[in-house]
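Me: I would like to learn how to read salt bridges in a model. Could you take me through them with the structure in view?

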Amino acid sequence: EVLVATLDLEDVRSYRAEISSRNLAASKVNPYPRVKVNFALSCSDDVAVPTCMPIQWRHHSPEEEISLGPACWLWDYLRRSKQAGFLLPLSGGIDSSATACVVYSMCHRVCLAVKNGNADVLADVRKIVNDETYVPEDPREFCKRIFTTCYMASENSSQDTCNRAKLLAEQIGSYHINLNIDAAVKAIVGIFSMVTGRTPCFSVYGGSSRENLALQNVQARIRMVLAYLFAQLTLWARGMPGGLLVLGSANVDESLRGYLTKYDCSSADINPIGGISKTDLKNFIQYCIENFQLTALRRRVVKHIMSAPPTAELEPLVDGQVAQTDEADMGMTYAELSIYGKLRKIAKAGPYTMFCKLISMWKEICTPREVASKVKHFFRMYSINRHKMTTLTPSYHAENYSPDDNRFDLRPFLYNTAWSWQFRCIDKQVNAL
């Protein structure tokens with residue numbers, strides 16, 4: 001895009017003349033030799049030419065950036081890959097719901113481009129849906145053609161998340177599938193029991209932490225296998241050509257903390273929210289409510305998604321209710337994680353430097369000993385799980401503190417997880433304080 005403007009160079013000279021210190025400094029230096037050239041940047045008769053007024057530059061809000069940037073990225077990837085659409089494991093939580101909203105935003109942008117006469121976009125649409133006469137007019141109708149959402153329930157899933165996923169799918173118009181993974185999970189655990197003669201139990205039933213984690217990981221990894229199976233064969237089962245790209249929905253904070261199972265639903269073909277924080281994703285969902293003209297009923301549905309505590313739903317329910325929450329499992333809040341991430345990457349802070357900065361930032365809410373405990377816990381978990389970044393799904397780059405090992409954050413993935421020297425420095429400073 002080329003913008004042409006007429007500027008008044010006399011304004012620049014007037015501005016310079018106002019700065020008296022500059023003129024005094026200039027008067028005391030040796031002058032540069034000047035060569036006179038018969039040339040001028042302005043004409044002598046340009047008095048009547050109107051000059052431009054200062055341009056008021058409008059910056060997109062983070063919510064608008066999420067709506068536009070990842071949506072364009074998804075469309076570009078879809079048309080280049082020559083696949084027939086996307087498949088998303090939709091859990092009913094904030095992350096997968098935000099990913100679904102990004103796809104819906106993409107459908108809006110495509111329909112708008114076609115309406116405005118963009119022949120290239122229309123040609124790409126027709127190739128993707130395999131229909132030479134198709135014209136996308138309604139984003140929800142177009143979404144149903146190219147977007148499949150899948151709720152993968154287990155005995156540990158709640159009815160609330162199932163309902164939220166179904167209602168959000170209805171909002172955006174995706175082709176929605178409900179399935180249960182319990183038979184596959186029991187088959188996998190059954191093989192282990194048959195070979196070893198032992199059956200692992202969840203911790204609420206008396207099992208160890210190792211058993212508990214292994215049983216959670218089986219569920220998570222089964223979902224990844226099923227996601228790829230359905231991505232390859234869903235359209236075949238519906239009598240339609242082509243396959244689907246699997247979308248991941250792990251946010252940047254979870255990746256930083258390593259709060260994900262290697263090769264679970266976070267493993268996908270591409271991840272549109274992999275560089276976006278949980279806080280911005282919540283704001284983005286609210287932005288979608290206001291800008292995509294959702295009904296009052298559906299406002300309440302998305303409000304429930306936003307207010308529900310984030311949970312993986314991998315441990316047994318208690319009295320039919322979810323007992324497991326992400327923040328309790330992680331030992332830190334998403335708000336804290338965002339701060340840790342910015343200090344670690346942008347400020348390039350190690351454990352001791354981060355501690356020094358946080359005792360000032362959090363002096364009203366935490367004692368130095370509590371800050372030390374939080375920083376140690378973060379770096380211990382970060383270093384233990386850093387290896388997961390080597391297999392991270394390609395993501396849209398947004399935050400400057402992204403931990404993406406493959407393209408952005410080229411740090412070691414094997415650390416001394418004790419951080420003995422750094423933690424000793426922290427302890428020494430805590431005792432002094």
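Me: How many salt bridges are there here?

Reply: This is a predicted model, and the count comes to eight salt bridges. The test is a side-chain nitrogen of Lys or Arg within 4 Å of a carboxyl oxygen of Asp or Glu. Arginine 58 and glutamate 64 meet it, with N to O at 2.5 Å.

Me: Are glutamate 64 and arginine 58 buried or exposed?

Reply: Buried means under 20% relative accessible area, and exposed means over 50%. Glutamate 64 has 14%, so it is buried. Arginine 58 has 53% and therefore counts as exposed.

Me: Which residue forms a salt bridge with arginine 79?

Reply: Aspartate 124 does, and the closest N and O atoms are 4.0 Å apart. This pair links distant parts of the chain: arginine 79 is in helix 3 (residues 62-81) and aspartate 124 is in helix 5 (residues 119-129), 45 residues apart. Arginine 79 is partly exposed at 34% relative accessibility, whereas aspartate 124 is buried at 18%.

Me: What does the salt bridge between lysine 278 and aspartate 95 tie together?

Reply: In that pair the closest N and O atoms are 3.1 Å apart. Lysine 278 belongs to helix 11 (residues 278-291) and aspartate 95 to helix 4 (residues 94-115), so the bridge ties together parts that are 183 residues apart in sequence. Both lysine 278 and aspartate 95 are buried.

Technical notes: Residues numbered from 1 in each chain as written. Predicted model: local features only at pLDDT ≥ 70, side-chain atom pairs only at ≥ 80, totals over all residues. Heavy atoms only, no water. Buried < 20%, exposed > 50% of the residue type's maximum accessible area, 1.4 Å probe, protein only. Helix = DSSP H or I, 4+ residues; strand = E, 2+ residues; numbered from the N terminus.
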